[in-house]
Amino acid sequence: MTAATAMETRVLGSLRYHVGGDGEPLLLLHGLAGSSGNWVELLPGLLERHRVISVDLPGHAGSGRLERGATVLDYAAAAAAVLEAEGAGAALVLGHSFGGLVALRLAQVRPELVCGLLLVSPAGIATFTRRARTVVAVATTIRPGRFASLFRRRYAHRAWYRRALFQQFFVADAAALSERATQGLLEAQRLHSDTKTAGRAMVADDPRPDLASTACPVVVLWGARDPQLPLDDAFEYARRLRAKLRLVADCGHLVIVERPQAVLDALEELAT
């Protein structure tokens, strides 16, 4: 993982995950085409308060792939297997984007493993559209991140490089991203073996009919200038989940690296 942390890499079957810190267990689930490296801006604060378990979801960052036709429930089952292997009991779960959708399904099918959810810009509503299916199919076929990542060590400190990669589709202010965050977002791009199956699972899953059955406390965190998922999704999630909603001003889809303190504050609210 990016940066010097106290995280130990472990393997469960073909699944890679990372463990570190002490305290209340916290499971981290990254987004589509992401990895555990995406949490780099949050890890120092998280490791001070939690026993952090960060999963590289199937098909991502060296984890083995699932069979073609896998659903979000299959990704949730992989996360559940890690929690069981670690003997974590009921954990807080922080999911971003696709990871937020996986976290929701985990809480619904294995409620004994989840004591609270922090959903950061979760997929599942706007992504359940024909347009989203097309965009995700193209992105997971071309995989532009694997080419951009070739130059990350040379250019991650350059504002123009960050703007070219992230400004239009991911963040509100790419120039404000740190070099560390840029490295964390890109480091595993060439290791992914199958983001297409995850993308197909995401766009085929409409969680809305089942949201009312989510029993644990939930906080929803959303960037007010998210270029991927509309604010209407944030309000609908909060309403159906009976959850607290926190909007982050001047922030895009990658809240976890744009405004890490907002994530830590929301997690502290959920934990208490």
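Strand 5 (residues 91-96) and strand 6 (residues 114-120) pair in the parallel sense over six bridges, where helices (H or I, at least four residues) and strands (E, at least two) are DSSP runs numbered from the N terminus, and two strands pair if DSSP finds at least two bridges between them. The model is predicted, so that local features need pLDDT of at least 70 and side-chain atom pairs count only at pLDDT 80 or more, whereas totals for chains, interfaces and linings use all residues. Residues are numbered from 1 along each chain as its sequence is written, and side-chain values use heavy atoms, with hydrogens and water left out.

Six of the six residues of strand 5 are buried, so the strand is largely enclosed by the rest of the structure; buried means under 20% relative accessible area, exposed over 50%, and partly exposed in between (1.4 Å probe, protein chains only). In a regular strand the side chains alternate between the two faces of the sheet. In strand 5, A91, V93 and G95 point one way, while L92, L94 and H96 point the other way, and all are buried.

These strands belong to an open sheet of eight strands, with the order 1-2-4-3-5-6-7-8 and mixed pairing. The edges of the sheet are strand 1 (8-12) and strand 8 (244-248), each of which pairs on one side only. Neighbouring strands of this sheet are turned by 20° against each other on average, direction ignored; axes are lines fitted to C-alpha atoms, for helices over the stretch in contact, and angles run from 0 to 180 degrees between N-to-C directions. Strand 8 pairs with strand 7 (residues 218-223) in the parallel sense over five bridges. The bridge partner of L221 in strand 8 is R246.

The largest nonpolar core has 48 residues, a nonpolar core being a set of buried Ala, Val, Leu, Ile, Met, Phe, Trp, Tyr and Cys residues joined through side-chain atoms within 4.5 Å. The residues with the most contacts inside this core are L27, L29, L106, L117, Y237 and L241. Helix 2 (residues 72-86) gives the most to the core, with eight residues. Apart from this core lies another, of 36 residues, among them L43, L221, V263 and L264. For L106, neighbours within four places in sequence left aside, the residues in contact (heavy atoms within 4.5 Å) are L27, A76, A79, A80, L83, V93, P111 and V114.

Q108 lies in helix 3 (residues 98-109). With a relative accessible area of 18%, Q108 is buried. Its side chain reaches the backbone oxygen of D210 at 3.4 Å. Beyond its neighbours within four places in sequence, Q108 is in contact with D210, L211, S213 and T214.

In helix 7 (residues 159-167), the buried residues are Y161, R162 and F166. Seen down the axis of helix 7, these residues fall within an arc of 95°, so they line one face of the helix; the arc is that of the directions from the helix axis to the C-beta atoms. The cover over these buried residues includes helix 5 (144-148), helix 6 (152-155) and helix 8 (179-186).

Several loop residues were also examined. Residues up to four places away in sequence not counted, E41 touches S178, R180, A181, I256, V257 and P260. S121, in the loop between strand 6 and helix 4 (130-142), has a phi near 45°, a positive value in a residue other than glycine. At 0% relative accessibility, S121 counts as buried. R143 is found in the loop between helix 4 and helix 5. Its phi is near 50°, likewise a positive value in a residue other than glycine, and at 17% relative accessibility R143 counts as buried.

Terms used. Polar contact = N/O pair within 3.5 Å; in protein donor to acceptor, adjacent residues only side chain to side chain.
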